[in-house]
Amino acid sequence: MGIMERDEFWAVVDGARAGIEDTRDGDYAEEVAERVGTRLAELGPAAAVAFTLRYDALMAESSSWNLWGAAYQMKGGCSDDAFDYFRGWLVVQGRDTWERALADPDTLAGLGVDPDDDYLECESMLSAGDAAFDDPDDFFAALQAARDELPAGTFTRQMRDDDWDFDDPDEVRARLPRLAAIYR
């Protein structure tokens with residue numbers, strides 16, 4: 001099995017989101033990730049690997065200085081690991097939010113996230129697929145074997161947009177005016 005189709009990937013995420021009160025909350029986001037893992041365990045190891053490959057491809061697509069800048073504003077700072085966890089949280093928000101944020105990170109201002117809530121993370125999404133395996137080492141071995149069958153560079157992308165100073169108020173207002181109005 002190769003990379004999971006986008007529609008199937010988002011169907012798994014949407015199914016996990018069903019009935020969750022507010023996925024913007026970090027604890028609820030983690031619950032969605034647990035449900036994704038449960039669903040992948042039901043679908044089996046091949047589907048879990050395919051899901052993770054799609055997830056990794058989405059992470060490569062979302063390599064953007066402007067998106068990182070949005071995360072930095074919303075979280076009050078954002079390391080490279082925290083950016084990965086933020087994007088896990090962003091996946092949990094669903095396909096529409098994900099696609100809008102990638103096209104224009106300033107649209108995240110419309111989510112209504114409490115400016116005092118800087119726990120916009122979902123680290124568990126990074127490894128949701130290992131729930132389909134008895135041993136995490138088996139998951140990572142299967143994942144690496146699947147990656148090795150794909151063209152080199154499938155999961156690496158250069159950061160899009162220009163690198164910029166996330167602490168410069170003028171730059172933030174110029175690039176992310178709606179977020180700047182909320183988080184500055």
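I sorted the lining of the largest pocket by class and found seven nonpolar, one polar and three charged residues (Ala, Val, Leu, Ile, Met, Phe, Trp, Tyr, Cys and Pro count as nonpolar, Asp, Glu, Lys and Arg as charged, the others, Gly among them, as polar).

I note that the model is predicted, that local features need pLDDT of at least 70 and side-chain atom pairs pLDDT 80 or more, and that totals for chains, interfaces and linings use all residues. Residues are numbered from 1 along each chain, and side-chain values use heavy atoms, without hydrogens and water.

I listed the lining: Y55, D56, M59, A60, S63, F83, D84, R87, L126, F155 and M159.

I then looked up how helix 4 (residues 65-75) and helix 5 (residues 80-92) are placed: their axes come within 10 Å and cross at roughly 90 degrees. Helix 4 is therefore roughly perpendicular to helix 5 (65 to 115 degrees; axes are lines fitted to C-alpha atoms over the stretch in contact, with angles from 0 to 180 degrees between N-to-C directions; helices are DSSP runs, H or I, of at least four residues).

In this contact (heavy atoms within 4.5 Å), I recorded L67, W68, A71, M74 and K75 of helix 4 meeting D80, A82, F83, F86, R87, W89 and L90 of helix 5. The contact residues divide into nine nonpolar, no polar and three charged.

Conventions:
Helix = DSSP H or I, 4+ residues; strand = E, 2+ residues; numbered from the N terminus. Parallel < 35°, antiparallel > 145°, perpendicular 65-115°, else oblique. 1 Å grid on protein atoms, 1.4 Å probe; cavity = no way out; pocket = protein on both sides within 12 Å on 5 of 7 lines; lining within 4 Å.
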